[in-house]
Amino acid sequence: MTDLLRTQNLKVYYGQNEAVKGIDLNFAENSVTALIGPSGCGKSTFLRSLNRMNDEIADARQTGNIWIGDQDINAPGTDVTVLRQKIGMVWQRPNPFYKSIYDNIAFGPKYHGIRNKKELDRIVEESLRKAALWDEVKDRLSSSALSLSGGQQQRLCIARALSVNPSILLLDEPASALDPVSTSKIEELITELKQSLTIAIVTHNMQQAARVSDYTAYFYLGTLMEYGKTEIMFTNPTKPNTQEYISGRFG
Ligand SMILES: Nc1ncnc2c1ncn2[C@@H]1O[C@H](COP(=O)(O)OP(=O)(O)OP(=O)(O)O)[C@@H](O)[C@H]1O
C-alpha cells in the first residue's frame, strides 16, 4: 500500500495563532483516516489545507509541505482547480447549488470542458449511483436539489464531488447535521467508496470513527498526539490523553 497524500511538518497560522503545529501524517491509499480530537484542536484547519481551501481565508498562512504523490500541492504554478478536482471536499452542512439535481452533478464536468450530452448523462448517472442516490432521484433529475431531504442533499454533494473523478475525498463532519438513518447511509457509502478512493473524515462521533475508519489520527491542541490503526487506537491507545478523549471523559 502506498501513501498517496502526506503532510510534512505542516503548520497553519491564523495571524499569530498557530492552529496546526507541525503535523506529519500519511494517508494510506484506499483507506479511511478519521481525524478526531476536542473542539478547536485544528482538525478542520488541517483538513482544509489538504486541498488549499485555507487559501480563501485572508489571514491564514502555512509552512511545511503537502505532497500528493511527488507533487507539492503548494508549489508555484499549481492549478488549484485541478488540485480540487483530484481532492474533493464535502462539508458539514449540505450545500447544493440552487440548480436542478442534474445540473448540480453536471456542473463540474462541464466546467472541465465536457459538453457532450450523452457523456454528461453518463457521468450524472454514474456519480449518483456511486453516491447511492440514483434510485431515489432518477425520475426527478430536473427538480431542484433543494427539494431533496438533508440526507439526500448530502449524498448529492458527495455525488457532485465524485463527478470529476477525484482520487481523494475530504469529509468534514459529513453526517453531523443528519438523522440516524441518513447517517448510516453516509457511513455505508464511505465504506463503499474507499474501494476506489482515499478518504479523510473529521468526526466528533467516536462510534462513527470506529465504524468507518481504518486509521485514526488524534489531534490535541494543534498537534498530532497519536496515530494508528483504528482498532488498536480504540482498544489500546498508547497515550492516556487519547484514552480519556476516546472514552468521552472530555471533548
Ligand atoms: N477562519 C479562522 N480565523 C481565525 N482563527 C480560526 C479560523 N478557523 C479556525 N480558527 C482557530 O484555529 C483553531 C483550530 O480551529 P479548527 O476549526 O481547525 O478546530 P477543530 O478541531 O476543527 O474544531 P471543531 O471540532 O470545533 O470544529 C481554533 O483556535 C480556531 O479558533
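This is a predicted model: local features need pLDDT of at least 70, side-chain atom pairs count only at pLDDT 80 or more; totals for chains, interfaces and linings use all residues.
Local features need pLDDT of at least 70, side-chain atom pairs count only at pLDDT 80 or more, and totals for chains, interfaces and linings use all residues. Residues are numbered from 1 along each chain as its sequence is written.

- Not counting residues up to four places away in sequence, Leu 35 touches residues including Lys 43, Phe 46, Ala 200 and Phe 219, a contact being C-beta atoms, placed from the backbone, within 7 Å.

**Strand β3**
- Because 5 of the 5 residues of β3 (residues 32–36) are buried, the strand is largely enclosed by the rest of the structure; buried requires 20 or more other C-beta atoms within 10 Å of a residue's own, placed from the backbone.
- Val 32, Ala 34 and Ile 36 lie on one side, Thr 33 and Leu 35 on the other.
- β3 pairs (at least two DSSP bridges) in the parallel sense with β8 (residues 198–202) over 4 bridges, where Thr 33 stands opposite Ala 200.
- β3 also pairs in the parallel sense with β9 (residues 215–220) over 4 bridges, and Ala 34 has Thr 216 as its bridge partner there.

**Ligand shell**
- Residues around the ligand (C-beta atom, placed from the backbone, within 6 Å) include Tyr 14, Gly 37, Lys 43 and Ile 57.
- Helix α1 (residues 43–49) contributes the largest share of this shell, 3 residues.
- The shell divides into 4 nonpolar, 6 polar and 1 charged; Ala, Val, Leu, Ile, Met, Phe, Trp, Tyr, Cys and Pro count as nonpolar, Asp, Glu, Lys and Arg as charged, and the others, Gly among them, as polar.

Methods:
Two residues are in contact if their C-beta atoms, placed from the backbone, lie within 7 Å. A residue is buried if 20 or more other C-beta atoms lie within 10 Å of its own, exposed if 12 or fewer, and partly exposed in between; C-beta atoms are placed from the backbone.
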